[in-house]
There are 4 protein chains.
Amino acid sequence: MPPPPTSTTTGLHAIAAPGRAAHSTRLEAFVDAAFAFALTLLVISVDTIPESIADLARALKDVPAFALSFAVIAMFWYQHVRWSRRYGTDGLPATLLSLALVFLVLVYVYPLKILFSSFMAAVSGGWLPSSTRIGTLDDLVVVYLVYGLGWSAMWLCITGLYLTVRRRGAASREEAGDVAGAIAVGAVAIGTGVISIALALLLPLHPTYAWIHGLPGLAYVLMNLAWPLSRRAARRAEDG
Amino acid sequence: MPPPPTSTTTGLHAIAAPGRAAHSTRLEAFVDAAFAFALTLLVISVDTIPESIADLARALKDVPAFALSFAVIAMFWYQHVRWSRRYGTDGLPATLLSLALVFLVLVYVYPLKILFSSFMAAVSGGWLPSSTRIGTLDDLVVVYLVYGLGWSAMWLCITGLYLTVRRRGAASREEAGDVAGAIAVGAVAIGTGVISIALALLLPLHPTYAWIHGLPGLAYVLMNLAWPLSRRAARRAEDG
Amino acid sequence: MPPPPTSTTTGLHAIAAPGRAAHSTRLEAFVDAAFAFALTLLVISVDTIPESIADLARALKDVPAFALSFAVIAMFWYQHVRWSRRYGTDGLPATLLSLALVFLVLVYVYPLKILFSSFMAAVSGGWLPSSTRIGTLDDLVVVYLVYGLGWSAMWLCITGLYLTVRRRGAASREEAGDVAGAIAVGAVAIGTGVISIALALLLPLHPTYAWIHGLPGLAYVLMNLAWPLSRRAARRAEDG
Amino acid sequence: MPPPPTSTTTGLHAIAAPGRAAHSTRLEAFVDAAFAFALTLLVISVDTIPESIADLARALKDVPAFALSFAVIAMFWYQHVRWSRRYGTDGLPATLLSLALVFLVLVYVYPLKILFSSFMAAVSGGWLPSSTRIGTLDDLVVVYLVYGLGWSAMWLCITGLYLTVRRRGAASREEAGDVAGAIAVGAVAIGTGVISIALALLLPLHPTYAWIHGLPGLAYVLMNLAWPLSRRAARRAEDG
């Protein structure tokens with residue numbers, strides 16, 4: 001008689017390591033609080049309380065750029081939540097990787113805000129405001145470098161958290177598959193960041209051939225490889 | 001022999017989904033931290049530490065406007081708490097809706113503060129201070145639009161959270177009634193905001209007929225329909 | 001045979017309502033986060049990062065005033081923790097009183113900082129710095145009023161939390177005694193604040209008789225009555 | 001027959017006091033939120049949102065100094081977590097010591113940031129930026145004093161937390177050894193800070209003999225004594 005088909009469920013809550021407590025550890029509480037603060041400071045620009053109703057309306061034009069950076073940071077928070085819900089420990093390696101993730105998020109809050117707001121300003125032809133401008137081609141290279149570095153470094157932390165799970169050994173075939181899939185996603189994400197950085201540094205930024213300048217940004221479409229490759233890695237690990 | 005009369009209790013804690021854990025999930029911890037932070041930044045104006053005792057006394061005049069915006073934001077927090085206490089999950093749709101609520105609250109912290117402080121300044125004939133002024137009729141339209149948009153969007157998140165409960169199916173008649181009632185409250189609130197926005201955009205703002213300018217604000221008395229309509233919807237769902 | 005003498009234990013953890021869960025409720029998480037932010041903003045003056053080593057040394061002179069205001073606010077936090085550890089619910093009255101406490105704390109963070117830093121400057125003869133000065137006798141009256149109002153209002157919230165416990169009925173004689181004692185402490189504290197305010201308003205502030213100006217501040221020695229009166233009220237309630 | 005060899009496990013999670021609940025107490029929640037907030041304000045300089053892409057690149061040069069101060073503060077947070085995971089109570093002495101630790105951390109956030117950023121500027125020969133400069137020898141003495149005082153005071157809190165455990169009596173030989181070891185680490189750390197302060201105050205700071213000025217900083221190599229001394233103290237307590 002077959003066991004109940006729990007191993008075929010696909011929901012987010014389907015897998016939970018047996019020893020995984022349901023309550024929040026202090027590491028999780030710390031990570032949550034730091035992410036919540038980072039997002040708050042992202043959205044609420046402490047310095048610029050609007051002084052007139054017209055300013056207020058203008059300030060709301062920042063909302064699309066905020067929404068984009070909010071989404072990116074919330075995505076990293078969700079990656080951490082997903083990992084900790086399934087395999088989370090507060091051992092030393094996981095603590096160090098989580099603290100590193102928090103540190104990187106805090107460092108990248110304002111750069112992200114600036115990158116996305118200048119991006120939105122460029123895309124909307126200046127209708128959406130930005131206090132910073134991507135004025136020169138050198139500026140553009142810096143933007144690609146900073147974003148690529150932050151992106152790769154944060155994914156490195158997430159991937160590292162799953163690597164600690166693999167090192168201590170998976171509890172089941174299903175768990176091995178899930179971990180392998182998550183590591184594959186991380187590898188694709190880190191690779192994407194590195195390729196974007198390499199393109200930004202190596203491509204000749206020539207004012208005449210404007211289309212070249214978009215290539216390092218276009219590199220992020222490589223993220224579409226994450227899901228198919230992740231499913232293949234998961235299947236192999238389950239079989240293997 | 002009748003079952004024990006649990007379905008007639010009316011207290012706040014009467015209903016709790018069976019699988020609902022008592023501990024906080026990380027999503028809840030995140031939402032609480034972000035709300036607490038938003039309210040802190042609402043009340044504590046980081047930039048304006050009073051520099052003399054007279055300034056201090058003047059700063060305390062901001063308290064009524066703070067109290068109003070504090071109450072509005074705390075009300076949304078309480079709506080989230082009430083939902084999560086009864087039906088809360090941290091599945092993907094609930095996570096996305098909660099993150100959207102947090103985002104909207106963060107975006108609306110300063111606008112709310114400005115709206116209420118200029119409102120209190122207008123109501124008190126300028127005795128209560130406001131750094132921003134609703135100077136022109138155009139300003140007033142912007143105030144109505146911003147408040148109406150924020151109000152409706154935040155209620156949309158709350159209502160969406162209850163809709164996810166309805167979609168997965170209610171555990172009991174009582175639960176079905178409670179969810180239907182909460183959705184009715186949300187519908188009334190969203191409708192009120194939309195009507196206020198429509199009035200602000202469509203009404204001729206004419207300097208001579210000053211009473212017209214109050215109509216978009218008066219629209220919020222429609223919120224009084226929320227409780228009777230909610231009770232009717234709850235009764236229908238319990239019977240149905 | 002007598003029951004085990006649990007009713008004679010006097011430690012802080014001795015009493016806990018039977019239905020009192022050990023985990024934090026979301027209300028508690030919210031209150032903790034808000035208090036933590038308030039204290040952080042109290043100590044870290046966001047605006048004034050020192051720019052030279054000499055500034056840094058000067059900034060550390062603010063520490064005594066910070067320590068005093070930190071202690072006052074931490075005391076209110078501890079009162080809330082003590083109440084919630086024993087009787088805490090997150091019903092509507094307790095939620096509203098806790099939110100009111102958080103609101104008052106946020107409102108009073110900067111006033112407290114200013115009051116204590118000008119107090120320390122006055123006491124140290126100006127060696128300890130203060131950006132605000134209690135320059136005139138009118139300033140002094142304002143200081144007494146603001147501090148007295150905040151003190152009484154915050155104690156009103158704490159006392160209200162214990163009154164909700166009394167209203168729903170105590171579970172045991174010991175609990176009735178504990179609640180009565182806490183309410184007595186609250187009554188003394190509120191009375192002290194009111195007397196200080198009354199003195200500040202009614203006493204003739206005359207430049208010649210300088211000692212008069214200290215009386216509203218001296219009123220706070222009445223707090224010494226709190227513990228004997230609280231013990232008497234507790235004993236009566238246990239007997240009654 | 002020997003008992004199961006639990007006393008030989010060496011992992012971080014090996015020891016946990018029997019009565020130690022797995023959930024976070026409110027004290028822990030408070031400490032976590034305050035630390036998270038302190039670290040956020042450490043990294044995110046609220047006042048200095050970069051205004052151009054070149055500013056952004058320059059701002060990233062602050063990252064090494066941030067990382068150092070982040071690491072120091074995170075280390076103190078981890079010490080508190082380690083203590084509270086094993087022996088944590090929220091009795092009055094532990095609460096007061098934890099609040100004192102939070103207070104000290106908040107007071108030392110900006111000084112740490114300044115010390116490390118001027119240290120990095122000095123070490124990198126000015127390539128890494130610093131808004132503050134250690135210009136004179138007197139400045140250097142102040143830096144040593146401030147760092148030494150903060151270091152010793154924070155370790156005093158941590159050590160005090162372990163002393164409260166020793167006072168109430170250890171549950172087992174293994175626990176006695178762990179506590180004795182932690183107290184030994186604390187004693188070495190406090191002693192190191194005191195020696196550094198003494199050197200800074202007593203050594204003749206003479207512009208000609210520049211090497212002397214490094215001695216108070218070099219004193220922190222004494223921290224290397226912490227682990228051997230701690231292991232010796234632990235072994236003695238286990239035997240004793």
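Author: Start with a cut-off: buried means under 20% relative accessible area, and exposed means over 50%. Keep in mind that this is a predicted model.

Reader: Is D:C157 buried or exposed?
Author: The cut-off for buried is under 20% relative accessible area. D:C157 has a relative accessible area of 6%. So D:C157 is buried.

Reader: How many disulfides does a search of the whole structure find?
Author: C:C157 is a cysteine with a relative accessible area of 6%, so it is buried. A disulfide needs a pair of cysteine sulfur atoms within 2.5 Å. Over all chains, the number of disulfides found is zero.

Reader: What does the secondary structure of chain A come to?
Author: Read chain A from the N terminus and the elements run α-α-α-α-α-α-α-α. Of the 240 residues in chain A, 52% are buried. The secondary structure is zero strands and eight helices.

Reader: How far apart are the end C-alpha atoms over residues 177–203 of chain A?
Author: An unreviewed UniProt entry annotates "transmembrane region" over stretches of chain A, including 91–110 and 177–203. Residues 91–110 of chain A are 95% helix and 0% strand, with end C-alpha atoms 30 Å apart. Residues 177–203 of chain A are 96% helix and 0% strand, and their end C-alpha atoms are apart by 38 Å.

Reader: How many of the 18 residues of α1(D) are buried?
Author: Helix α1 of chain D covers residues 26–43. From first C-alpha to last it reaches 26 Å, close to the 26 Å expected at 1.5 Å a residue. This helix is largely enclosed by the rest of the structure, because the buried residues of α1(D) number 17 of the 18.

Reader: Which residues make the nonpolar surface patch with A:L68?
Author: A:L68 sits in helix α3 (residues 63–87) of chain A. Its relative accessible area is 32%, so A:L68 is partly exposed. The patch is about 270 Å², and the residues that make it with A:L68 are A:F119 and A:V123.

Reader: What distance separates the C-alpha atoms of A:L140 and A:H213?
Author: A:L140 belongs to helix α5 (residues 137–168) of chain A. At 17% relative accessibility, A:L140 counts as buried. Along the chain, A:L140 and A:H213 are 73 residues apart, yet their C-alpha atoms are separated by 8.0 Å.

Reader: Which side chain meets B:D32 in a salt bridge?
Author: Side chains of opposite charge can pair when their charged atoms come close. Here the N to O distance is 2.6 Å. The pair crosses between chains, from helix α1 of chain B to helix α1 of chain C.

Reader: Which helix of chain C holds C:D178?
Author: C:R86 and C:D178 form a salt bridge at 2.6 Å, N to O. Both C:R86 and C:D178 are buried. C:R86 is in helix α3 of chain C, and C:D178, 92 residues apart from it, is in helix α6.

Reader: How many salt bridges does the structure hold over all chains?
Author: In chain A, salt bridges that share partners join A:R82, A:R86 and A:D178 into one network. Over all chains, the salt bridges number 12.

How values were computed:
Residues numbered from 1 in each chain as written. Chains lettered and ligands numbered in written order. Predicted model: local features only at pLDDT ≥ 70, side-chain atom pairs only at ≥ 80, totals over all residues. Heavy atoms only, no water. Buried < 20%, exposed > 50% of the residue type's maximum accessible area, 1.4 Å probe, protein only. Patch = residues over 30% accessible without salt bridge, like charges linked within 9 Å, V, L, I, M, F, W, Y side chains within 5 Å. Areas by Shrake-Rupley, 256 points an atom, 1.4 Å probe, with all protein chains shown as cover. Salt bridge = Lys/Arg side-chain N within 4 Å of Asp/Glu carboxyl O. Helix = DSSP H or I, 4+ residues; strand = E, 2+ residues; numbered from the N terminus. UniProt positions renumbered as here; feature names shortened; annotations may be inferred. Expected span 1.5 Å × (residues − 1).
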